[in-house]
Amino acid sequence: MNHHRPYGCREDAAPRSRPLAPDLTRATTFAYSSAEELRAVGAGERAGEFYARYGHPAARAFEQKVAELEGADGAVSFSSGMAALHALFCGLLRSGDTIVVSRYVYGGVDSMLSEDLPRFGIEVRRFDPFDEVSLGRALDGSVKLVHVETPTNPLSRVVDVKKIVELARHAGAWVSVDATFLPPPFQRPLAHGADLVMHSATKMLGGHSDTLGGIVSSRHELLEQLEGFRRRTGAILAPDTAWLLVRSLATLELRARKASDNASRLAHFLEGVRKSGGKVARVHYAGLPGHPDHDAARQYMETFGFMLAFEVHGGLPGAMQVYDRLIVIARAVSLGGVESLASIPLHTTHAMMSAEQRQEGGIGDGLIRLSVGIEPYEMLKADLSAALGL
Ligand code: PLP
C-alpha cells in the first residue's frame with residue numbers, strides 16, 4: 001500500500017486526484033518541443049496556449065461559463081467594463097459608421113461616445129428607448145449598432161429589447177445590451193434577439209468589490225472581431241482576476257437572488273413609508289406595481305433586480321441628512337457587491353448633468369440609489385428606518 005505523507009518528499013509520484021478548484025496558470029508564455037509545434041499553435045492550426053495576451057486558461061474558463069449563462073456561442077473578456085465597451089464600439093465600427101445610443105447609459109460610456117468616437121469618424125446619435133418614435137427617427141443606412149442599457153441607472157427603467165431589435169433589424173443594425181444591472185440567468189437579452197450582451201464584471205458577476213473586469217457574449221462572427229481587437233489593443237483580463245471571477249460565478253445565482261429579494265422587500269418597505277406620509281417621496285423599483293415598466297420587467301426579468309432608488313423630501317439637503325445617518329449601508333460608488341452600498345446620483349453618476357437634463361431624466365435632487373447586498377434583510381431595514389427617523 002502506498003502511504004501518503006502530508007508533506008512533500010523527493011520520491012512523491014504525481015497525484016492521481018483531481019483538484020476541485022481550477023488551477024491558476026500565471027504563465028505569459030508556453031514552451032513547445034519543436035519548431036513545427038510552436039509554429040502550428042501560433043498559426044492557429046493546432047490547439048494550445050501561445051501567449052497570454054491572446055488568451056489564457058483562466059480567462060477562457062470565465063468566458064465559457066458566462067457564455068453558457070447567456071446562451072451565447074462564446075464570450076470575450078476584458079480588463080474592465082469600459083475596455084469591453086471600447087472593444088464593442090471600436091472593434092466593430094469603422095469611420096463613416098453611425099452608432100445610436102440610448103440616452104440612459106452610464107456616464108463613462110457617455111464620455112467615450114462624446115470624446116473619443118467622433119475623433120475616429122464614428123457618428124453618435126442618441127435616442128430615448130421609452131419614446132416609441134425616437135429610435136425610428138435616428139435610424140438610417142449608416143447605422144451599424146444600437147446600444148442600450150437595461151435596467152437603467154438609477155431609476156430601474158426596463159427597455160423593451162424585442163421592439164428595439166425589430167426596428168434595428170429593419171435598418172440592418174446590430175443591437176448590443178449592457179446588462180450590468182441584472183446578470184444572467186435573471187435576464188438574457190440574446191434570447192430576445194440582441195446580437196451582443198455585455199457586463200461590467202466589476203459589478204454583480206464579480207460580486208465582492210475586489211475585481212475589475214468586463215465581458216461581451218455573442219456569436220462567433222462578432223466574437224472573432226472583438227477578440228482580434230483585444231489582441232491588438234491588449235485589454236485582456238489578468239489571470240488572477242479571471243480566476244477570482246470564475247470563483248464568483250459559482251455563487252452568482254445565489255448572491256443575485258438574495259440581493260434581489262432584499263431589494264424587493266426594501267422597496268415595499270420604503271413604499272409603505274411613502275404611503276404613511278414619512279420622509280420618502282418616491283420609490284423607483286420595477287417590482288412595484290406603480291413603476292412605469294412593471295409589465296416589461298415581468299416580461300424581461302426573472303427577478304426585479306438588486307438596484308433601487310428612492311427620493312426623500314427636502315431635496316439634496318434632505319437626502320444628505322438621511323445618507324449620513326446610514327451605518328450598515330456603506331456610502332460608496334459602484335454596485336453589485338455582497339455588501340449594500342448607497343450613493344447620491346447628484347454627487348456621483350449624474351454630477352456632470354445640467355439641472356434641466358436631470359429633470360428631463362427624472363433624477364430628483366433628493367434621490368438616493370441603493371445597490372442592495374446579501375446582508376440579513378432585517379439589518380438593512382433597521383438601518384434605513386433609523387436613517388429615515390422612524
Ligand atoms: N456599464 C455600467 C452600466 C456601469 O455601471 C459601469 C460602471 O459603473 C460600466 C459599464 C463600466 O464598468 P467598469 O467600471 O468595470 O469599467
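An oxygen atom of the ligand sits 2.8 Å from an N or O atom in the side chain of Ser-200. The structure is a predicted model, in which local features need pLDDT of at least 70 and side-chain atom pairs count only at pLDDT 80 or more, while totals for chains, interfaces and linings use all residues. Residues are numbered from 1 along each chain as its sequence is written, and side-chain values use heavy atoms, with hydrogens and water left out.

An oxygen atom of the ligand is 2.6 Å from an N or O atom in the side chain of Thr-202, and a nitrogen atom of the ligand lies 2.7 Å from an N or O atom in the side chain of Asp-178. Taken alone, the ligand exposes 390 Å², and the protein buries 90% of that; accessible areas come from the Shrake-Rupley method with a 1.4 Å probe, and for residues only the protein chains shown count as cover. The ligand is surrounded by 13 residues, the closest being Met-82, Asp-178, Ser-200, Thr-202 and Lys-203. Here a residue is near a molecule if one of its heavy atoms lies within 4 Å of it. By type, this shell divides into four nonpolar, six polar and three charged residues. In that count Ala, Val, Leu, Ile, Met, Phe, Trp, Tyr, Cys and Pro are nonpolar, Asp, Glu, Lys and Arg are charged, and the others, Gly among them, are polar. Helix 3 (residues 81-92) supplies the largest share of the shell, three residues. Helices (H or I, at least four residues) and strands (E, at least two) are DSSP runs, numbered from the N terminus.

Attention now turns to the protein interior. In soluble globular proteins, nonpolar side chains tend to be buried together.

Several individual residues complete the picture of the interior, with buried meaning under 20% relative accessible area, exposed over 50%, and partly exposed in between (1.4 Å probe, protein chains only). In strand 4, Leu-145 counts as buried because its relative accessibility is 0%. His-199 belongs to strand 6 and is buried, with a relative accessible area of 2%. A polar atom of the His-199 side chain lies 3.4 Å from the backbone oxygen of Ala-179. Ser-371 is part of strand 12 (residues 367-371) and, at 1% relative accessibility, counts as buried. The Ser-371 side chain reaches the backbone nitrogen of Gly-336 at 2.9 Å.

Ser-156 is buried, with a relative accessible area of 4%. A cis peptide bond also runs from Pro-184 to Pro-185, with omega near 5 degrees, and Pro-185 lies in the loop between strand 5 and strand 6 (196-200). Ser-334, in the loop between strand 10 (330-331) and strand 11 (341-343), has a positive phi of about 75 degrees although it is not a glycine. Ser-334 is partly exposed, at a relative accessible area of 29%.

Asp-116 occupies the loop between helix 4 (107-115) and strand 3 (123-127) and is partly exposed, with a relative accessible area of 28%. The side chains of Asp-116 and Arg-119 are joined by a polar contact of 2.8 Å. A polar contact is a pair of N or O atoms within 3.5 Å; within protein, one must be able to donate a hydrogen and the other to accept it, and residues adjacent in sequence count only if both atoms are side-chain atoms.
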